[in-house]
Amino acid sequence: MASGNGKPLAEPKGSQLYEVLKGIDFERRELIGKPRSAGLFDLVKDGGRYRCYACTLCERTCPADCIEIDYCPEYPELSWDTGAELAAVSAAQPEIDMKPFDAVVARLRDGYGLIEAFHTTQETYGYLPRQVLESIAAELSLPLSRVYGVATFYTQFRLKPVGKYVIDVCMGTACHVAGAPLIVEAFSQELGIPIGETTADRLFTLQTVNCVGACALAPVVRVGDDDTHGRMTPNTARKLVRQLCKREEA
Amino acid sequence: MATAISRAARVERALERATKADGHISNDAGRELRICAGTACHASGRLAIKKAIADELERHGLSDQVAIVETGCHGFCQQGPIVVIRPQGIFYPQLKPRDIPRVIEKSVLGDEVAEDLLYRDPVSGDPVALEAEIPFYALQRRLVLALNGKIDPHSIRDYIAHGGYRALAKVLAEGDPEAVIDLVDASGLRGRGGAGFPAARKWRFTRATQAERKFLICNADEGDPGAFMDRSVLEGNPHSVIEGMLIGAFAIGATDGYVYVRHEYPFAVERLRIALDQAREQGLLGPNILDSGFDFDIRVNQGAGAFVCGEETALLASIEGHRGMPRPRPPYPAVSGLWGYPTNTNNVETWANVPWIVNNGTEAYDAMGTGTAKGTKIFSLTGKVTNGGLVEVPMGATLRRVIFDIGGGMLPGRHFKAVQLGGPSGGCLPERLLDTPIDFESLIASGSMMGSGGMVVVDDTTCMVDFARYFLKFTSEESCGKCVPCRVGSARMLEILDRICAGQGEPTDLDRLQTMADDVIEGSLCALGGTAPNPVLTTLRYFRDEYEAHVLEHRCPAKVCRPLIRYTVDADACTGCHVCFGACPVNAISGERKQAHVINQKLCTKCDTCRQVCTFDAIDVDTGVLAVAEGRAS
């Protein structure tokens, strides 16, 4: 047996794990001899919630390829194993127009990776709908879990639809020392939502971003893609929300 | 020999053709209004300024005599939006649309200056009219940024007219890849992304590996919060990066290139794409570049908000479409990188240095810098400094020169406390180390690092414990999760810092932080984990007294950590103007008009709004055991 870099693993004395590993033929993916500790797989629960956050590491490193992680956006509330509940999740997803998906496929066939395909998807739909992720998985002949694993790794991808105004509060260093935590708090208070959420009327989504590179104007807030506000204070943050609300009413 | 001559002639002819591309050519002696179109100036309203200028020129019937040029970042971001008037070179900062008629009247129609609109020296208060005379610019040595703010980044013709693609033509005409590597080797160019690995040595490794395809990557995933050098170079002069990559590709024998750029930089992405298209049109990219038989093309890949993707192997995984997780080396990417092919990665600034070295030779490059670090380095100077922006100085300049001479020092009434270099991987240096020369080795010895060039200055209003906690929070959130010491260790360290900031730290916590930091450094695979504890270690080393104040006295000296501070109204100073009453978001302030107000400590969330709106300086912030006890009791 060998580890990743080709060197043989040192044999740990008295290790049961080693005994088990020795009994598996990874090439043929079967147990050799008596199954000493096949056991049953389960996920650890903490206070009724799974501790697993689907990082997909186990799936990727499993030598026997026996783990598959499925996509399940409403994760903590749902159990994983009942097909009916998964179907309910699917049914609860809003209907989307799959026509723009061709652009995503074109991007993939052009040799770009998943990240670029996700960007194209998000530019079109505003988020990554489950249906699109499934189609991408089918296009690339990958398990959906793998696609989901990539989507959740990058903070810019969203699995839920966003509001009309996406408020990005910059959390760069310059903004931090200029009081960005107070700005986020002011937005959160004024909108009544925590970071990462969307208001019930689908008007506002509150997000943070690592740095927009406009440090001289710290603290900086960006609304949508192009509307940047510099030198914010908690007070101007609240005013900005009220202004946008007024614009909507008008 | 005959083929060499004809090859040189072919390249020369092809470059000559490219000079006839469409687009504006900037001219220092011509009548031009240069508007900075960098991200910061854009955010402070350059579009309104541009419109006002266009309208005003139209009104005077000057539209076809005076050119409006939208340049890349001028670097003096604190002063945006910036307009420079040519031929005089008059610098107008912080313009408003209503100022434009006067600016045009005085400096375009006439030959005067609108004095009240000029930049004022922060010390003497005297107006400075010319861009070249402003200390912020005059004390810099701009090499990579030389054309930033001068040329139109949307025009390849402008770049070529200013000597662009000359270096590539020279290299292709000579046709000797080894000579290019030797030249870069002799110049002593070291990677500008942080680690400072000699560029030529990396190139040589990749060149030596035999493969049918080789990749070349430009790392523009400038993840350090508070750093924007790469963004400005891509926004202001994208062709210099493309040219550098082309020269590198020729030297290495690479066939395909990628620029991996942050998605948070929309202007940089847009201008880079335009530049690539223009280069392709002019035969500077694609098959048979400049008729020399050399093929190379560049694609743009965007990141998606993962700091770890700035790490070389994680970046490769991300381009391939995986989770951006680093992998162990060897095999080095020079042997097996992107899709298993040999791959060479350098960052934006490194690539942008290459054409300059080819054009000006190693001696000129060697003349700048110290014994081990040559050339210049760009820093993004931000934080509590008077003149923030992009600063390019020769290696070996001291921190004091950058912060005080170029950056104009601290804001009025504030005292320098620390400078943070290298982002979340770097460290905080105190005042007594301000004379440290900026080079790779000196900074490492001080416990910090060069990093990619973020330089955040903080004053006495920043709590160093909170500052360290900020960076650790960042790295623990950005940890990819692969190595347990980094994933769990950074989270555990963060818990300790949270506790200290909440006034619940224990005396043993400081030693515990130290031990855990060593473990995280020791047990992590990549540089993210290997440097994540640096901000904690350096603040522990240089600002231990602040940690001790938090732990032993439950006091935050900078009055930042909210559980340890209390807001009160100074009854003598309060005029009862009622402004804070209206501004308080939680209605914690009570009081009649014209009478001193009172803050209800139970309701107060310490959001700082009242202090900011008070014009009479009547809101006091205090900290210490007494404040905490009283705050809890009431």
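**Figure 1. Surroundings of the S187(B) side chain.** In this predicted model, a polar atom of the S187(B) side chain lies 2.7 Å from the backbone oxygen of V184(B). A polar atom of that side chain also lies 3.2 Å from the backbone nitrogen of L189(B). S187(B) belongs to helix α8 (residues 177-187) of chain B. Is S187(B) buried or exposed? Its relative accessibility is 0%, so S187(B) counts as buried; the cut-off for buried is under 20%. Leaving aside residues up to four places away in sequence, S187(B) touches I357(B), T362(B), Y365(B) and K374(B).

**Figure 2. Packing of helices α19 and α22 of chain B.** Two packed helices are described by the angle between their axes and the distance between the axes. Helix α19 (residues 509-523) of chain B packs against helix α22 (residues 544-553) of chain B at an angle of about 130 degrees, and their axes are 11 Å apart. α19(B) and α22(B) are therefore oblique to each other.

**Figure 3. Residues where α19(B) meets α22(B).** From α19(B) come L510(B), D511(B) and L513(B), which meet R544(B), Y547(B), E548(B) and V551(B) of α22(B). Sorted by class, this contact of α19(B) with α22(B) has four nonpolar residues, three charged residues and no polar ones.

**Figure 4. Confidence along chain B.** Chain B has a mean pLDDT of 92, with 98% of its residues at 70 or more. Where in chain B is confidence lowest, and where is it highest? Confidence is lowest in helix α25 (residues 625-633) of chain B, with a mean of 53, and highest in helix α11 (residues 238-252) of chain B, at 97. The model scores are ipTM 0.89 and pTM 0.88.

How values were computed:
Residues numbered from 1 in each chain as written. Chains lettered and ligands numbered in written order. Predicted model: local features only at pLDDT ≥ 70, side-chain atom pairs only at ≥ 80, totals over all residues. Heavy atoms only, no water. Axes fitted to C-alpha atoms, helices over the stretch in contact; angles between N-to-C directions. Helix = DSSP H or I, 4+ residues; strand = E, 2+ residues; numbered from the N terminus. Parallel < 35°, antiparallel > 145°, perpendicular 65-115°, else oblique. Contact = heavy atoms within 4.5 Å. Nonpolar A, V, L, I, M, F, W, Y, C, P; charged D, E, K, R; others polar. pLDDT = per-residue confidence, 0-100. Buried < 20%, exposed > 50% of the residue type's maximum accessible area, 1.4 Å probe, protein only. Polar contact = N/O pair within 3.5 Å; in protein donor to acceptor, adjacent residues only side chain to side chain.
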